[in-house]
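Student: Hi! I've just opened this one and could use a hand reading it. Can we go through it together?

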Amino acid sequence: MAPERFEVIAEYERRFGCTVKRDAPIHAVADRGRPYPAALARPDLVQLALSEHWAPAIRTSPERWRLPAGAFGDAAGPG
């Protein structure tokens, strides 16, 4: 969802001859991954999260707040 940022990492791997993950280059690691269903359901929020500035107001009521989708899940983040 952020190919330009991803390619910066891939270029660093090529330039320095070293991968972020010891067992595979970043492209192979990404090919193994699957996006969270919540990210697919709300691409508008993904775009906001990837933007340089967060414009919308942040509001929540303590009794309604829940952990975000994927937080502390089985996979606990990218592999």
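Student: Which residues does Glu13 touch, not counting residues up to four places away in sequence?
Tutor: Glu13 touches Cys18, Thr19, Val20, Pro25 and Ile26, where a contact means heavy atoms within 4.5 Å. Keep in mind that this is a predicted model: local features need pLDDT of at least 70, side-chain atom pairs count only at pLDDT 80 or more, and totals for chains, interfaces and linings use all residues. Residues are numbered from 1 along each chain as its sequence is written, and side-chain values use heavy atoms, with hydrogens and water left out.

Student: Where does Glu13 lie?
Tutor: Glu13 is in helix α1. Helices (H or I, at least four residues) and strands (E, at least two) are DSSP runs, numbered from the N terminus.

Student: And what does the side chain of Glu13 reach?
Tutor: The backbone nitrogen of Val20, at 2.9 Å. That is a polar contact, a pair of N or O atoms within 3.5 Å; within protein, one must be able to donate a hydrogen and the other to accept it, and residues adjacent in sequence count only if both atoms are side-chain atoms.

Student: Is Glu13 buried or exposed?
Tutor: Glu13 is buried, yet has no salt bridge. Buried means under 20% relative accessible area, exposed over 50%, and partly exposed in between (1.4 Å probe, protein chains only). A salt bridge is a side-chain nitrogen of Lys or Arg within 4 Å of a carboxyl oxygen of Asp or Glu. For Glu13, the nearest side chain of opposite charge is Arg14, 6.6 Å away; Lys and Arg count as positive and Asp and Glu as negative, while His and the chain ends are not counted.

Student: Which residue does Arg14 form a salt bridge with, then?
Tutor: Arg14 pairs with Glu7, the closest N and O atoms being 3.7 Å apart. Glu7, Glu11 and Arg14 are linked in a network of salt bridges. Both Glu7, at 35% relative accessible area, and Glu11, at 34%, are partly exposed.

Student: How many salt bridges does the structure hold?
Tutor: There are 5 salt bridges. One of them joins Glu52 and Arg5, with the closest N and O atoms 3.9 Å apart. Glu52 lies in the segment after α4 (43-50) and Arg5 in helix α1, so this pair ties together parts that are 47 residues apart in sequence. Glu52 counts as exposed at 68% relative accessibility, while Arg5 is partly exposed at 38%.

Student: How far apart are the closest N and O atoms of Asp44 and Arg42?
Tutor: They are 2.7 Å apart, and that pair forms a salt bridge too. Asp44 is partly exposed, with a relative accessible area of 41%, and Arg42 is partly exposed at 40%.

Student: New topic: which residues form a nonpolar patch on the surface?
Tutor: Val8, Tyr12 and Phe16, with about 330 Å² of accessible area together. Patches are made of residues with over 30% relative accessible area and no salt bridge: like charges are joined within 9 Å, nonpolar side chains (Val, Leu, Ile, Met, Phe, Trp, Tyr) within 5 Å. Val8 sits in helix α1 (residues 3-16) and is partly exposed at 43%.

Student: Last one: how many helices and strands does the protein have?
Tutor: It has 4 helices and 0 strands, and the elements run α-α-α-α from the N terminus on. Of the 79 residues, 9% count as buried.

Definitions and conventions. Accessible areas come from the Shrake-Rupley method with a 1.4 Å probe; for residues, only the protein chains shown count as cover.
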